[in-house]
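Please open the model in your viewer and keep the sequence panel beside it.

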Amino acid sequence: MQEAWEEANVPSELSDKLRSAGSVSCLHGYPGGGVGGGIYPGTEYVFDLELPENFTPSNNDGEVAEWRLVPVADIPDLICGDKFKTTSVSVILDWLVRNTIVPPENCDNFAEMVELIHLPVHLLYNTK
């Protein structure tokens, strides 16, 4: 609920209605070697929240560059562009899949895509 307020100025009377939707995983890279460079695993905990039509998000902590309302049909092009935060792509893909915006029959590698965003990345580090 704190993150909802920090990132989108969602008041507690709305964020109290957040519903857990699981988690997604991703591997993301940072350029360069050494400190700050390389490939890093990430797990994002996903929550759904339906907002009133008149709600306008605003950022409170400076971590969000912009809020923009876009048609659902434009989301695939948006998340594939170079201006979308890489670590958020798996969250958006998960939502698109769960809401059948990307149905299995429209994606040749649907099962692989779903498996990859739900891969428990901690298993990559299992040394047993």
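**A guided tour by selection**

Begin with Glu66 and Arg68, whose side chains meet in a salt bridge with an N to O distance of 3.4 Å; a salt bridge here is a side-chain nitrogen of Lys or Arg within 4 Å of a carboxyl oxygen of Asp or Glu. Both Glu66 and Arg68 are exposed, where exposed means over 50% relative accessible area, buried under 20%, and partly exposed in between, taken with a 1.4 Å probe and protein chains only. This is a predicted model, in which local features need pLDDT of at least 70 and side-chain atom pairs count only at pLDDT 80 or more, while totals for chains, interfaces and linings use all residues. Residues are numbered from 1 along each chain as its sequence is written, and side-chain values use heavy atoms, with hydrogens and water left out.

**The whole chain**

Colour by secondary structure, and the protein chain shows five helices and two strands, in the order α-α-β-β-α-α-α along the sequence. Helices (H or I, at least four residues) and strands (E, at least two) are DSSP runs numbered from the N terminus. Of the 128 residues, 24% count as buried. If you display a surface, the chain exposes about 9,500 Å², of which carbon and sulfur atoms supply 55%; accessible areas come from the Shrake-Rupley method with a 1.4 Å probe, and for residues only the protein chains shown count as cover.

**The salt-bridge network**

How many salt bridges does the structure hold? There are three, and Asp48, Asp94 and Arg98 are linked in a network of them. Select Asp48 and Arg98, whose side chains meet at 2.7 Å, N to O. Asp48 lies in strand E2 (residues 38-48) and Arg98 in helix H4 (residues 89-98), so this pair ties together parts that are 50 residues apart in sequence.

Next, select Ile75, Ile79, Val89, Leu93, Leu96, Val97, Val102, Met113 and Ile117, the nine residues of the largest nonpolar core. Such a core is a set of buried Ala, Val, Leu, Ile, Met, Phe, Trp, Tyr and Cys residues joined through side-chain atoms within 4.5 Å. Helix H3 (75-80), H4 and helix H5 (110-117) each supply at least two residues of this core, and H4 gives the most, with four. Centre the view on Leu93, which touches Ile79, Met113 and Ile117, residues up to four places away in sequence not being counted; contact means heavy atoms within 4.5 Å.

Elsewhere, a second, separate core of five residues includes Ala4, Ala8, Val10 and Leu14.

**A surface patch**

Return to the surface and select Val72, Trp95 and Ile101, which form a nonpolar patch with about 220 Å² of accessible area together. Patches are made of residues with over 30% relative accessible area and no salt bridge, like charges being joined within 9 Å and nonpolar side chains (Val, Leu, Ile, Met, Phe, Trp, Tyr) within 5 Å. Val72 is found in the loop between E2 and H3 and, at 33% relative accessibility, counts as partly exposed. Just after H4, look also at Thr100, which takes a positive phi of about 50°.

**Strand E2**

Finish on strand E2, where both Pro41 and Phe47 are found. Pro41 is partly exposed at 32% relative accessibility, and its C-alpha atom is separated by 6.4 Å from that of His28, 13 residues apart along the chain. Phe47 is partly exposed too, with a relative accessible area of 47%. Which residues does Phe47 contact, leaving aside its neighbours within four places in sequence? They are Leu18, Arg19, Ser20 and Ala21.
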